[in-house]
Amino acid sequence: MTTMYKKKDFVSDQEVRWCPGCGDYAILSCMQNALTKTGTKKEDIVCVSGIGCSSRFPYYLDTYGYHTIHGRAPAVATGIKLANPNLDVWVITGDGDGLSIGGNHTLHAMRRNVDLNIILFNNEIYGLTKGQFSPTSDKGVKTKTSPFGSIDNPLIPAQFALGSACTFIARTVDKDPKSITDLMLLSHAHKGTSFLEVLQNCVIFNDKTHDEFTLRQNRAARTVTVEDGKPLIFGAENEKGIVLDRLDLKVVTLGQGFEEKDLLVYDTSSKVLANMLIEAHKKDEENFPLALGVLYQDKESIPYNELMKGQAEQVKKRLPEANMDKLLQSGDTWEIK
């Protein structure tokens with residue numbers, strides 16, 4: 001029988017220590033709501049984090065939790081999932097933790113397709129250590145470590161995930177709680193690594209950096225929410241759309257030579273289409289909307305943990321006499337006295 005929980009069941013007794021107005025509060029609240037709908041027993045949920053403001057998450061969720069070292073949350077989470085595949089394992093990380101120090105670990109968790117749910121809070125700054133530029137900071141941004149403007153090209157998390165062979169990639173904003181909760185549930189339902197990026201505001205060191213895309217009054221005009229099988233349409237009055245123009249994507253205005261039937265219909269199984277949306281926005285950020293929603297999903301993916309279990313069972317049949325003690329005692333061994 002499925003256990004019914006309320007949001008308060010996932011609220012821990014720890015005092016939340018984020019700055020007033022931080023976007024993390026909204027994400028935490030959505031997570032506590034989402035966990036009431038997954039049907040998973042509390043004792044089967046584990047939240048793993050690295051280092052950073054976002055990584056205080058395990059303290060604030062009344063589940064099992066593991067606050068690991070900087071950037072290593074995907075590696076620790078992989079071990080937890082392989083040791084006990086029945087657990088729901090969530091990885092909470094930030095743009096600095098998951099894409100700089102931990103970029104290597106995030107990449108390999110994705111390419112292996114371990115059945116993990118990775119949520120990356122992207123505020124384009126190191127907040128916990130007081131405002132250094134991060135891998136996702138805009139070029140030219142002035143911070144404590146880039147007083148004359150960053151000269152780094154920013155990393156696009158969704159594109160990093162595509163290049164790492166991640167099988168579920170989604171993006172949303174911290175000011176849209178319904179979308180966050182819905183995407184968390186879709187992430188949870190996916191078999192394999194799911195990657196959810198949340199554009200999150202740091203009120204102290206990078207305030208308003210995402211306002212163009214996150215504020216309710218701007219969102220309709222500056223973002224397009226992609227849905228499988230539906231045309232790419234956006235705008236306050238749904239007056240804009242996206243069409244395929246030779247090998248590029250182009251924004252058009254409906255009624256000016258284009259109708260809704262002319263618009264490109266989104267296909268979440270297409271990596272090419274997901275990358276085209278990301279590239280088009282990168283190339284012309286002022287005029288091309290930012291894509292939100294599930295950008296890519298491989299619904300046929302088989303998680304690494306299932307492949308590993310299957311291989312282990314095959315090997316046991318082929319080599320029934322083998323055991324770990326024999327292996328450890330084989331070859332050249334010696335005793336230290």
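**Reading strands, cores and loops**

Tutor: Let us begin with a pairing: strands β7 (residues 223-226) and β11 run parallel to each other, joined over four bridges. Keep in mind that the model is a predicted one.

Student: Which residue of β11 is the bridge partner of V226?

Tutor: V226 has G293 as its bridge partner in β11. Strand β5 (residues 168-173) also pairs with β11, but in the antiparallel sense, again over four bridges, and there A170 stands opposite V294.

Student: How many of the residues of β11 are buried?

Tutor: Eight of the eight residues in β11 (residues 290-297) are buried, and the strand is accordingly described as mostly covered.

Student: What is the general idea behind a nonpolar core?

Tutor: In soluble globular proteins, nonpolar side chains tend to be buried together. In this model the largest nonpolar core has 39 residues, and those with the most contacts inside it are I169, F195, L232, I242, Y266 and L277. Helix α10 (residues 271-283) gives the most to this core, contributing five residues. Apart from it lies another core, of 27 residues, which includes F10, L61, M184 and V198.

Student: Which residues is Y266 in contact with, leaving aside its neighbours within four places in sequence?

Tutor: With those neighbours set aside, the contacts of Y266 include V226, L232, L277, V294 and L295, and also E227, D228 and K230.

Student: How should I read the packing of two helices, and at what angle do α3 and α5 pack?

Tutor: One reads the angle and the axis separation together, and then asks which residues meet. Helix α3 (residues 73-83) packs with helix α5 (residues 103-112) at an angle of about 35 degrees, and their axes are 7 Å apart. On the α3 side P74, A75 and T78 meet H105, T106 and A109 of α5, a contact with three nonpolar, three polar and no charged residues.

Student: Where is E124, and is E124 buried or exposed?

Tutor: E124 is in the loop between β4 (117-122) and α6 (157-163), and its phi is near 60 degrees, a positive value in a residue other than glycine. With a relative accessible area of 13%, E124 counts as buried, because the cut-off is under 20%. K130 lies in the loop between β4 and α6 as well, with a positive phi near 80 degrees, but K130 is partly exposed, at a relative accessible area of 46%.

Conventions:
Residues numbered from 1 in each chain as written. Predicted model: local features only at pLDDT ≥ 70, side-chain atom pairs only at ≥ 80, totals over all residues. Heavy atoms only, no water. Axes fitted to C-alpha atoms, helices over the stretch in contact; angles between N-to-C directions. Contact = heavy atoms within 4.5 Å. Nonpolar A, V, L, I, M, F, W, Y, C, P; charged D, E, K, R; others polar. Buried < 20%, exposed > 50% of the residue type's maximum accessible area, 1.4 Å probe, protein only. Pairing = 2+ DSSP bridges. Core = buried A, V, L, I, M, F, W, Y, C linked by side-chain atoms within 4.5 Å.
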